Amino acid sequence: MATQNKPLLTRRADLMARLAEPRHYDVAIVGGGATGLGVALDAAARGFSVVLVESHDFAKGTSSRATKLVHGGVRYLAQGNIGLVREALRERSTLLHNAPYLAQPLAFVMPTYHWWEKPFYGIGLTLYDVLAGKAGLGRTEFLSRAEALALLPTAQAQGLKGGVKYWDGQFNDARLALALGRTAAVQGALLVNYCRAVDLFYEQGKVAGLVCEDTLSGQAYRIESHCVVNAAGVWVDELRQKDGQANQGDGRRPTQPMVAPSQGVHMVVDREFLGGDTALMVPKTADGRVLFAVPWLGKVILGTTDTPRHDLAREPQAFQEEVDFILSEAGRYLRRAPTRADVKSIWVGLRPLVKPPDDEGENTKGLSREHTVLVSRSGLVTVTGGKWTTYRAMAEDVLAECAARSLIDARAAGITVDLKLVGADEAPGQAHSISEAPGLHAYGSERALVASLPGAQTVLCDGLTEAMVRFAARYEYAVTVEDVLARRSRLLFLDARLASSLAAQVGAILLQETGLDPQIDAFTALAEHYLCLPATS
């Protein structure tokens with residue numbers, strides 16, 4: 001199944017006018033990240049009336065700050081969680097099929113420096129192939145020293161014994177999120193960014209809808225819906241607390257938080273540090289963590305970390321020890337050690353690690369252990385945890401639980417298995433590698449439309465034209481400079497200094513297109529944040 005070719009306009013005034021219309025929705029979703037957008041697409045594809053509100057921009061949080069990997073979870077093999085690995089491998093195949101211009105296979109090499117590493121890791125990765133079955137992307141190979149260096153020419157050669165090559169996937173996370181949202185809109189869903197859910201309202205003790213506020217104008221909106229899904233990622237507890245406070249008349253304890261956030265840091269350096277299209281993966285560094293060096297959009301991503309946090313900052317700062325860890329470990333495995341001066345951009349993503357409370361609803365049975373779905377006594381459905389790769393399976397789990405609680409009708413699942421996302425209607429073999437520098441290929445089958453817009457020949461920088469900015473404003477919900485340079489284009493994540501230099505030009509185009517404040521100064525301050533590495537002690 002494919003979506004329609006003609007894109008839908010996303011003029012904000014029209015979206016807000018639709019939101020203001022008196023209507024009772026089947027499903028109202030809070031949160032425009034991978035999970036919320038996945039639920040919106042699945043529900044709309046099944047014929048439910050759907051509205052989704054996002055307090056900032058789509059994929060502003062965790063969903064644009066992944067390590068850019070579509071994976072089955074190699075590390076779960078060591079934990080014996082075969083069911084989770086099978087699910088993730090199946091979903092990996094589905095994702096790559098439905099958005100081939102945004103998600104593609106990627107070869108990884110584990111360089112080995114001890115005699116036991118090649119057989120130890122190779123056997124595990126061969127099992128990974130077996131579990132993937134027909135969904136496999138390529139077979140695991142045992143590499144000689146020369147073969148490993150041919151694929152990883154910049155790897156540390158001293159002491160290298162060989163390597164193990166295996167396959168997983170990579171993707172453009174923010175643009176995939178946008179494709180999910182736009183496909184949901186084609187299916188009839190209403191999606192609105194910069195619209196914050198400020199409260200819930202009830203009828204006879206049950207959730208009956210949302211009170212929202214347009215953060216750009218201050219206008220309030222009341223959304224009626226029998227089923228409200230809280231998919232706000234690491235921020236789900238804010239709405240859960242409001243729900244708990246509204247229903248504490250029976251002497252119950254206050255709602256306990258269910259998310260313990262952990263942060264992952266990523267740094268971007270020039271492509272020369274890797275020297276090819278193969279990713280480097282170290283399964284166990286000096287302190288037991290995993291290290292990746294991933295080719296992505298013409299650069300290399302180094303990461304990641306897993307550090308507990310006790311706050312929920314929208315733009316978290318990396319800790320000094322995280323930066324030191326990534327740079328020092330990368331220096332152990334790369335011939336040329338990257339330094340602080342080499343970092344083009346640094347970003348931090350918060351992971352919603354779940355600790356389900358024992359006093360609020362029940363865990364849904366039969367779900368992936370990576371994500372949790374809870375339904376409160378008032379009927380608020382909360383989903384969090386999980387990973388990008390399994391967003392589609394998570395959406396099915398959420399809707400199954402909604403139906404089980406009689407919040408929506410039970411309708412057949414599986415409709416999104418073969419539902420191509422917008423931009424995927426192109427002939428096989430036309431997609432360019434995601435490892436390549438950005439360009440028109442990032443738009444899939446919509447590239448001709450982008451090229452037909454005013455300013456198609458006006459290049460702002462390599463991979464970004466005036467026409468692309470206009471396309472973002474007209475068809476991709478973009479309002480601010482950050483929307484364009486962080487998530488429609490990924491320039492902020494690739495080269496924050498270059499992105500900052502283009503803020504005024506992009507802002508002028510957006511103002512012309514939307515008539516709204518493009519928030520140029522806010523973006524230049526944000527770009528400084530993406531350039532800022534914590535000082536050494």
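Biologist: How many residues does helix 5 have, and how far does it reach from its first C-alpha to its last?
Modeller: In this predicted model, helix 5 covers residues 117-132, which makes 16 residues. From first C-alpha to last, helix 5 reaches 22 Å, close to the 22 Å expected at 1.5 Å a residue.

Biologist: Which residues of helix 5 are buried?
Modeller: The buried residues are Glu-117, Tyr-121, Gly-122, Leu-125, Tyr-128, Leu-131 and Ala-132. As background, an α-helix has 3.6 residues a turn, so residues three or four places apart point the same way.

Biologist: What follows helix 5?
Modeller: Gly-133 follows helix 5, and its phi is positive, near 60°.

Biologist: Changing topic to strand 13: how many of its residues are buried?
Modeller: Six of the six residues in strand 13, residues 291-296, are buried, so the strand is largely enclosed by the rest of the structure.

Biologist: Which residues lie on each side of strand 13?
Modeller: Leu-291, Ala-293 and Pro-295 are on one side, while Phe-292, Val-294 and Trp-296 are on the other. Both faces are covered, and all of these residues are buried. In a regular strand the side chains alternate between the two faces of the sheet.

Biologist: How many bridges join strand 12 to strand 13?
Modeller: Three bridges join strand 12, residues 279-282, to strand 13, and the two run antiparallel. Within this pairing, Met-281 has Phe-292 as its bridge partner in strand 13.

Biologist: And how many join strand 13 to strand 14?
Modeller: Five bridges link strand 13 to strand 14, residues 299-303, again in an antiparallel arrangement. Ala-293 stands opposite Leu-302 of strand 14. Strands 13 and 14 form a hairpin with two residues between them. In that turn, Leu-297 has a positive phi of about 50°.

Biologist: Now the cysteines. How many disulfides are there?
Modeller: The count is zero disulfides. Cys-195 is in none, and the nearest cysteine sulfur, that of Cys-212, is 4.6 Å away.

Biologist: Lastly, where is Glu-401 found?
Modeller: Glu-401 is in helix 10, residues 391-404. Its relative accessibility is 10%, so Glu-401 counts as buried. Glu-401 and Ala-20 are 381 residues apart in sequence and 29 Å apart in space, C-alpha to C-alpha.

Note on methods: Residues are numbered from 1 along each chain as its sequence is written. This is a predicted model: local features need pLDDT of at least 70, side-chain atom pairs count only at pLDDT 80 or more; totals for chains, interfaces and linings use all residues. Side-chain values use heavy atoms; hydrogens and water are left out. A disulfide is a pair of cysteine sulfur atoms within 2.5 Å. Helices (H or I, at least four residues) and strands (E, at least two) are DSSP runs, numbered from the N terminus. The expected span of a helix is 1.5 Å times one less than its number of residues. Buried means under 20% relative accessible area, exposed over 50%, partly exposed in between (1.4 Å probe, protein chains only). Two strands pair if DSSP finds at least two bridges between them.
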